[in-house]
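Q: I have a structure open and a few things to ask about it. Can we go through it bit by bit?

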Amino acid sequence: MHLIDWAIIVVYLVWIVWDGVRLTKNSHEIEGYFLASRSLPWWAIGLSVMATQLSAITMIGTTGQAYDDGMRFLQFYYALPVAMIVLSVTLVPFFHRAKVYTAYEYLERRFDAKTRSLTSFLFLLSRGMSCGVIISAPAVVLSIVLGWNFTFTVLAIGAPTAVYTMFGGVQAVAWTDVKQMVLIVFGLVAAVVALVVGLPDGIGVGEALRVAGATGRLQTFDFRFDVTEQYTFWSGTIAAFVLFMSYFGTDQSQVQRYLTARSIDEARTSLMMSAYWKIPLQALVLLVGVFLFLYYLFTPPPMLFNPVHEARLRSGPRAAEYRALEARFASAHEARRQAAQALIEARREGDGGSVAAAREAFRAREAEVRAIRREAAALVREATGDRAFTDVNYVFPWFVMHELPVGLIGLIIAAIFAAAMSSISAELAALSTATIIDFYRRHVREQASDRHYLLVSKVATGFWGLFACVVAVYAVELGSLIEVVNRFGSLFYGSILGVFVLAIAVPRATPRGAFWGLLAGMIAVALVARTTRMAFLWHNVVGVTVVVGVGVLLSLTERRRTATP
Amino acid sequence: MRAGGGGRAAGPGDGHREAGEARAGDLVARDPRENPAATPPTADAAPMTATCVKVLLIEAATLAALWIFQVVFGGP
C-alpha cells in the first residue's frame with residue numbers, strides 16, 4: 001500500500017479520536033454522558049442509528065455475499081419501515097416520556113426487580129459478546145489484507161473507539177457516527193463508480209446487469225414460504241418484523257439513541273430516517289457485490305481471494321492439487337467470460353431463441369466456476385483446519401487493494417474502520433449505561449454524587465471496550481465461537497420483546513407471569529434451534545409467542561388463585 | 001443532578017405495593033385498569049397519520065422499483 005494510503009488511515013484514526021474526546025466538555029454530568037442531556041437533533045440521531053447498523057461486517061461480508069449469492073438478503077429489511085412506524089407510535093413516546101436511562105428500568109416499574117435484572121443481564125451478555133464479534137470479524141480480514149498482526153488490528157479498531165466513547169460518552173458516539181456515516185457512504189459510492197468504470201469497453205451498465213440477472217443475482221423477491229430458508233419475502237416481512245421491533249424497541253443500544261432526542265417528535269423523525277433510507281442503502285451495499293461479480297466476470301480474478309490461505313496451500317503438501325484446481329479455474333473462467341459475451345451479443349441481435357440458448361450456456365459455465373471455487377474452499381478447510389473459512393469475505397478488500405488507485409484505497413480502508421468503530425461505540429455506550437443504571441446504581445450504590453456515577457460510568461465503558469477486545473482475540477482462536485454467539489443472540493430478541501408486549505399491552509400480566517414467560521420463551525427457542533432446521537429469523541416469532549402465551553396463562557391462573565378466598 | 005432522578009424503579013425495599021398501586025413518578029401502574037390515572041403510552045403523542053401514510057407510500061414505491069429492477073434485468 002502506498003504511503004499516501006497509510007497516511008489517510010492514520011489521519012482518520014487520530015482525527016476521530018480527537019473529535020470524540022473533545023466532546024468530553026459536554027459530558028460533565030451523568031445525563032449528558034448517557035443521554036447527551038436529551039439535546040441531539042433528529043438528523044444526527046438518525047445518521048448515528050444507521051451508522052451503527054452499517055458495520056464493517058456489512059461492508060466486507062455483505063458485499064461478498066452479494067458477489068456470491070446476489071441481492072436476496074435485501075428482503076431481510078422489507079419490514080423495517082413498518083416496524084419504525086409501529087415503534088414511533090408506541091414505544092418511542094412511551095420511553096421518552098418515562099425519562100428512563102435504560103429500557104429495562106421500565107420493567108421494574110411494571111413488574112419487579114428480577115425481571116428487569118434478567119432482561120438487562122441478557123442484554124449485557126449478548127451485546128458484550130457480539131461487540132467482540134463486531135471487532136473480530138473485520139479484524140481477521142483487515143489483518144490479512146493489510147499484513148498486520150491480528151491482535152494489533154483488534155486494538156487498532158477497539159482501542160480508539162473505547163477511548164473516545166469513554167471520554168465523550170453518547171455525544172461522542174453520535175457526532176463521530178455522523179462523520180463516519182458520511183465516510184462510509186462516500187466509500188461505497190466510490191466503489192460502485194470504480195467498478196462501473198472498470199467494466200470492459202463496449203459493455204453498458206444495463207447489459208452487464210442483465211448478465212448478473214441471468215444468474216439470479218438480482219432477485220430481491222422470493223415468495224416461497226419455507227421456514228428453513230433464511231431470506232424470503234415472508235421471513236423478511238413477518239419474522240424480521242419481530243426482530244426489528246425487538247432490536248429498535250427494546251435493545252438498549254437503540255433505545256438510548258432516541259432517548260437523546262430533544263423531543264418525542266425529533267425521536268420519531270430520527271427513526272423515520274431509517275424507514276426511508278435503510279432499504280436503498282442496503283441495496284447500494286449489495287449492488288457493490290453484484291458489480292464485483294461483473295468486474296471479475298470480465299477480469300481474471302484469483303481463484304481464492306484470501307492471500308494467506310492461498311500462499312499456505314501453494315507452499316504446502318497439497319500444492320500440486322491446488323495448482324491443478326487453479327488451471328481448471330482459469331479455463332472455466334475464460335469459458336464463462338466468452339459465454340457472457342455471447343449472451344450480450346445474442347441480446348443485441350434480439351433473437352429470442354438464441355438469447356435463451358446463450359443464457360443456458362452462460363448459466364452452465366457459471367455453475368462450473370462456482371463448483372471449482374467450492375472445491376478450492378473445501379481444500380483450504382481440509383489443509384488449514386480452518387473450518388469456518390469463507391472466501392467471500394475477502395472479495396471486496398482484495399478489489400480495493402489491487403484494483404483501486406492510490407488515495408482511494410486509503411479512503412475505503414478508513415471507511416471500513418469507520419463502519420466497525422461506529423457500530424462498536426454505540427454498543428459500548430449502551431453496555432456501560434445498562435451496567436451502571438440497572439446494576440451498579442440499583443444493587444450496589446443507590447445514593448452517590450453525579451461525579452461518582454460519571455467516574456464509574458467511564459470505567460465501565462473502558463471495561464467493556466477491553467472485554468470486547470479480549471473476546472475478539474479469543475473468538476478467532478476458537479473459530480466457531482462467532483457462529484455460537486450469533487445463534488446465542490437470536491435466543492433472546494423475540495423473548496425480550498415478549499416481556500415488553502406483556503408489560504405494555506397486557507394489563508393483567510403479573511411479575512411472575514413475565515419472569516417465567518421470559519424463561520419459557522428462551523427455553524422454547526433453544527429447543528427449536530436445537531431440534532429443527534428452522535431459520536434463525538423465525539426463532540424471534542417463536543420467542544415472542546411463547547413468552548406472551550405462557551406469561552398470560554400464568555398471570556391469569558395467579559390472579560384466579562389470588563381472587564379465590 | 002442525581003442520575004435518573006424520579007426514574008428509579010421500585011425495588012424489594014419499597015414496601016408492600018399491591019398490583020395497580022401507582023407511585024408518584026410512575027408512568028404506568030402495575031395494572032392500568034385499576035388505576036385510570038396511569039398514563040396510556042401514546043396519550044400526548046402528536047398525530048402520525050400523515051407520516052405513516054408517507055412512509056408506507058415510499059416503501060411501496062421502493063419495493064415496486066425493486067420489483068421492476070428484478071423483472072427488467074433479471075428476466076429472459
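Q: How many cavities of 30 Å³ or more are there in the whole structure?
A: A search of the whole structure finds 4 of them. A cavity here is a set of points, on a 1 Å grid over the protein atoms alone, where a 1.4 Å probe fits but cannot get out. The volume is the space filled by probe spheres set on the points, which are joined across faces, edges and corners.

Q: Why use a probe at all?
A: Rolling a probe the size of a water molecule over the atoms shows where empty space is left.

Q: Is this an experimental structure or a predicted one?
A: This is a predicted model, where local features need pLDDT of at least 70, side-chain atom pairs count only at pLDDT 80 or more, and totals for chains, interfaces and linings use all residues. Residues are numbered from 1 along each chain as its sequence is written, chains are lettered from A and ligands numbered from 1 in the order in which they are written, and side-chain values use heavy atoms, with hydrogens and water left out.

Q: How much space is in the largest cavity?
A: About 90 Å³.

Q: Which elements do the lining residues come from?
A: Those giving two or more residues are α4 (56–69), α15 (319–349) and α16 (352–384) of chain A. The most come from α16(A), with 4 residues. Helices are DSSP runs (H or I, at least four residues), numbered from the N terminus.

Q: What classes of residue make up that lining?
A: There are 8 nonpolar, no polar and 6 charged residues. Ala, Val, Leu, Ile, Met, Phe, Trp, Tyr, Cys and Pro count as nonpolar, Asp, Glu, Lys and Arg as charged, and the others, Gly among them, as polar.

Q: Now salt bridges. How many over all chains?
A: The count is 34. The rule asks for a side-chain nitrogen of Lys or Arg within 4 Å of a carboxyl oxygen of Asp or Glu.

Q: What does R370(A) pair with?
A: D68(A), with the closest N and O atoms 3.9 Å apart. R370(A) lies in helix α16 of chain A and D68(A) in helix α4 of chain A, so this pair ties together parts 302 residues apart in sequence.

Q: Changing topic: what makes up the nonpolar surface patch of about 460 Å²?
A: F223(A), W67(B), I68(B), V71(B) and V72(B). Patch residues have over 30% relative accessible area and no salt bridge; nonpolar side chains (Val, Leu, Ile, Met, Phe, Trp, Tyr) are joined within 5 Å, like charges within 9 Å.

Q: Where is F223(A)?
A: In the loop between α10 (205–214) and α11 (233–250) of chain A. F223(A) counts as partly exposed, at 43% relative accessibility.

Key: Accessible areas come from the Shrake-Rupley method with a 1.4 Å probe; for residues, only the protein chains shown count as cover. Buried means under 20% relative accessible area, exposed over 50%, partly exposed in between (1.4 Å probe, protein chains only). On a 1 Å grid over the protein atoms alone, a cavity is a set of points where a 1.4 Å probe fits but cannot get out, and a pocket is an open set with protein on both sides within 12 Å along at least five of seven lines; lining residues have an atom within 4 Å of a point.
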